[in-house]
Amino acid sequence: MKKFNTKKARVMIVEDNHVNAVYLKKVLCNLGYHIYHTSETGDDSIQYLKESFPDMPDIILMDIMFPGVMDGIDAAEYIMTNYNIPVIYLTSYSQDQILDRAKKTVPYGYVLKPFQKHEIKATIEIALYKHQVNIQLQKEKEEKEQLILRLKRLNDDLKHFIHGVSHDLHEPIRTIVCFSELLKNHLNDNQDKEIDFFINLIINSASRIKSFMNSVLSYTILNTTEKEFEWVETKDIFDHAVNNLNCMIRETQASIQYSLPMPKLYGDKNQLIQVFQNLISNSIKYCSQQQPEIKINVNESDTEWQVSFQDNGIGIENKYFDKIFLMFKRIHSKEEYPGDGLGLSICKRIIEFHHGRIWLTSEPGVGTTFYFTINKDLLKNNN
Ligand code: ADP
């Protein structure tokens, strides 16, 4: 913690009793403080501060009861709100009602009359220290807010940039694929195998760029506000994901089973469909068996839902367990298994947005089980 300097503070006294004020001045001077000014009422003190601004005292010792429109509590509230100067109440009144009103202004201290020299010193020193800590905390809070704002702006810029790039690339890539196919048909009459090979290479590369841009885009534009959260049937999420993967499932004859009951989940439906879809499609893709077999399980505890996807695929070595969730991290070449290395990082991002965790267990050659959780806190927070 930063060391604060509380020496030679300038103290303002607001006290209508002349004897008390003189005594206080003497005590404060003996203790090494400077007297900034002495006012007799709350109204006077505010007027003085207005006229002296920006030359302000470090701390104010404020009596509570005095004549005028404002009593000491009203004046302290005004001063702390408008000038952020710490105020200590000086009073012979200790009734609950006054204490309650004083407490609401969150003062820096409360000293009962008749004052004790050492009590005044201790209260002033603690108040000054507390005030400097508060200023420091406020400064840090503002800096943090500024930083968050800057990061948000940068993030928005990045999103716009990626959105723009992928949008602008979409059309030329479509043109490349389209005209390469036309060219292929046109040249097919020549039966030139080499030309056919080259054109296929162009089409595949362009398609890969397109799929890559789509994956990057879907990672970037992931919604991260909880506005879209709702109760969703797990079966509904499952049906959507399976429907989107219809072709792949039919081609591979994959068997996908789920165990009942499937409880409702609370989250962003489209994002959860995307997680189901990515995990199911990976289970099918990374499988060397005749028939991919996937088993989905949903368990519920008081604090979270846990969903698991077990497959009979090629498995993953232990050393890759963390790495595969990183962006663009792939274990296999694109020739062996196509992909952009973004599916699991999208899943991780979505699950973390649902205050959950994602992990796996796996045995190479036997299969992999991916697990994720969704925290029920989100439900409590949103209700
Ligand atoms: P992609 O599939 O596009 O490469 P992912 O982020 O979905 O990207 O997966 C990252 C890597 O994790 C994959 O390249 C693959 O090696 C491995 N992987 C993911 N799911 C499985 C699975 N069910 N079985 C075996 N390996 C997997």
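Helices here are DSSP runs of H or I with at least four residues, and strands are runs of E with at least two, both numbered from the N terminus. Asparagine 155 is found in helix 5, and this residue is partly exposed because its relative accessible area is 36%, where buried means under 20%, exposed over 50% and partly exposed in between (1.4 Å probe, protein chains only). The model is a predicted one, in which local features need pLDDT of at least 70 and side-chain atom pairs count only at pLDDT 80 or more, while totals for chains, interfaces and linings use all residues. Residues are numbered from 1 along each chain as its sequence is written, and side-chain values use heavy atoms, with hydrogens and water left out.

Helix 5 has 71 residues and reaches 103 Å from its first C-alpha to its last, close to the 105 Å expected at 1.5 Å a residue, the expected span being 1.5 Å times one less than the number of residues. A kink of about 30° lies at histidine 170 in this helix, shortly before proline 172, the bend being the angle between axes fitted to the seven residues ending there and the seven starting there. Leucine 154 lies in helix 5, which covers residues 117-187, and counts as exposed because its relative accessibility is 54%.

Elsewhere, threonine 369 has its place in strand 12 (residues 367-375) and counts as buried because its relative accessibility is 12%. Neighbours within four places in sequence aside, threonine 369 is in contact (heavy atoms within 4.5 Å) with Ser308, Phe309, Gln310, Trp359, Leu360 and Thr361.
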